[in-house]
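Please show me the structure, and then let us go through some questions about it.

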Amino acid sequence: MTTRDAGPGLDLPPQSFTDVLASDLLASPTLVAGATGTTREVSNVAVMAVPDIGPWLRTGQLLITTTAVLGRLVEPIDAFLTRLDRRGVAGLAVRLDDDTAALPAEMTAAADELGLPVVVVAASQEHPLSGALVELSAQQVDAVFEADRLRRVLVDVVMAGGGFAELAVAVAGDLGGAVLITTPDGRQLCRAGDESELRRLASSAALDSTGRVRTDSTEGGLGLHRLGDESIAVSAISANGIDHGRLVHFRTGDLLHSEDLYLVEQAAAVCALVVARELVVSSVEEKHRANFVRDLLLGRGGEHEHVVAHAKTFGWDLDRPVVVVVIEPDPVGEDEPSMPTRMPLVERQARAFTSAVAGRDAGAAVTALPTETVILMGVGTDTMNLVHELVATVRGAGGGGRRAFGVGVSRPTDSVDGIPALYGQARTALKVGRQITGAWAVTHFDDLGVYRLLSLVEDDRELESFAQETLRELTADTPEAQDMRRTLEVLLATNINIAETARQLHFHYNTLRYRVVKLEKMLGSFTDHPELRLDLSLALKIMAMRGINS
């Protein structure tokens with residue numbers, strides 16, 4: 001995404017909060033909290049007439065409100081102030097509605113901790129911007145009434161049994177433009193709206209080359225963004241405190257404003273009702289599916305005919321040759337703290353693979369287990385090409401905050417009795433492939449070769465000791481040792497063919513002969529002893545598999 005909306009409010013010449021207090025902008029201001037933040041820069045003043053102020057918040061903003069509005073907040077006051085601080089608001093001015101009005105409890109302590117200035121202003125205050133602020137207040141109130149009308153329309157759609165597709169059509173029909181509903185990482189689930197707008201959206205900077213909405217910017221791409229003569233409003237679809245997707249409204253020509261973002265956020269709240277409804281229906285089914293697949297992997301599924309029949313009740317076809325594919329998230333850092341709380345990573349990846357597999361193998365079983373996703377899919381003419389297609393679809397063209405994962409693929413079996421062994425093969429391929437290749441490894445069991453045997457040795461110290469005793473100085477973590485290891489690796493791969501090795505490494509023939517002599521002084525006469533060559537080859541593979549000085 002590109003330029004973020006500058007937003008509503010009235011712009012001021014940039015000045016510190018202290019300077020604002022000394023000016024005539026506020027009538028009789030009294031600083032009551034957040035004194036350490038009075039150096040914050042104020043560049044905009046706006047009014048908070050409704051508790052749901054999110055779409056109108058801007059960096060450098062002095063927000064003016066009343067105790068009556070603060071009293072209608074749904075969230076705790078400390079959470080509200082934290083949200084203002086996170087969005088870069090410069091400070092808060094509160095007008096007491098009457099002589100008995102008071103600031104919310106705990107407000108002072110929370111503001112002091114954040115260093116967010118809070119001032120109380122006179123109830124009868126007048127300032128040069130009062131007329132404009134009244135107009136801003138009216139716009140917010142109008143947006144609330146419009147959002148309430150839209151919410152009623154959308155709730156009727158949900159109550160009639162409508163899902164995301166029907167909601168997208170209703171939102172597009174009401175707001176115009178193009179509407180998308182996506183996963184949290186931007187994969188499109190459904191779309192609706194004017195065809196010309198949808199075509200413009202498909203070629204806009206709002207989508208990456210795979211058609212995903214770009215959610216790799218601040219806070220998952222949420223908010224209002226300007227793209228030349230196009231604009232896009234993005235809101236999270238959250239249910240039970242978990243981020244389940246995005247509602248996206250795109251329009252050209254007549255740019256979207258903060259009031260439009262408010263409508264999109266309210267529509268997203270109704271979309272969350274669909275998520276909640278589907279979660280209730282699917283949670284029991286998911287548990288049954290996961291238990292069934294877990295029993296299969298452990299060899300407790302029962303007779304072949306029974307398993308096939310039970311699988312059909314889930315829409316799975318196991319009465320055919322299948323392979324087992326295991327997907328596991330790579331061990332990397334946590335999600336960005338600014339992102340909305342999301343469903344567990346494995347569940348997100350399982351849903352993504354379910355969507356990707358559906359169009360390629362309708363009878364495949366995709367299940368999220370506690371730490372991994374397991375797929376039982378049919379054997380095709382080129383299974384690995386299909387697996388790579390699935391990974392490319394789920395991974396997308398980079399960005400989007402998508403987490404790395406490793407993939408292991410087994411050999412095929414034509415009986416459910418063979419599934420436990422295949423699961424072990426896929427797990428081994430995943431583990432060893434990750435050790436050799438690193439992040440995003442996609443490995444077939446048959447490609448492991450001797451690494452399969454090495455992976456069975458559980459004592460890492462024994463393997464490392466063997467490598468160090470065999471390769472000696474070549475295990476050093478130096479550029480020279482790495483260079484000589486590379487020479488030895490190619491020599492062994494070419495069966496000590498000096499001319500071919502020199503060609504592959506772009507060395508002069510005599511230079512390589514000198515290197516061979518040097519290597520034999522360190523390692524022994526490996527050119528004359530096949531057993532030593534085998535040891536050296538195994539030691540090099542151990543270093544590659546264990547990541548020693550790689």
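Me: What should I know about the model and its numbering?
Reply: This is a predicted model, in which local features need pLDDT of at least 70, side-chain atom pairs count only at pLDDT 80 or more, and totals for chains, interfaces and linings use all residues. Side-chain values use heavy atoms, with hydrogens and water left out, and residues are numbered along each chain as its sequence is written, from 1.

Me: How many disulfides does the count come to?
Reply: A disulfide is a pair of cysteine sulfur atoms within 2.5 Å. The sulfur of Cys-190 has its closest cysteine sulfur in Cys-271, 8.0 Å away, which is too far for a bond. By this rule the number of disulfides is zero.

Me: Is Cys-271 buried or exposed?
Reply: Buried means under 20% relative accessible area, exposed over 50%, and partly exposed in between (1.4 Å probe, protein chains only). The relative accessible area of Cys-271 is 1%, so Cys-271 is buried.

Me: Which loop holds Ile-496?
Reply: Ile-496 is not a glycine, yet its phi is positive, about 60 degrees. At 18% relative accessibility, Ile-496 counts as buried. Its loop is the one between α15 (479-493) and α16 (498-505), where helices are DSSP runs of H or I with at least four residues and strands are runs of E with at least two, numbered from the N terminus.

Me: What is the phi of Trp-440?
Reply: Trp-440 sits in the loop between α12 (419-437) and β16 (442-444). Trp-440 is partly exposed, at 22% relative accessible area. Its phi is positive in a residue other than glycine, near 65 degrees.
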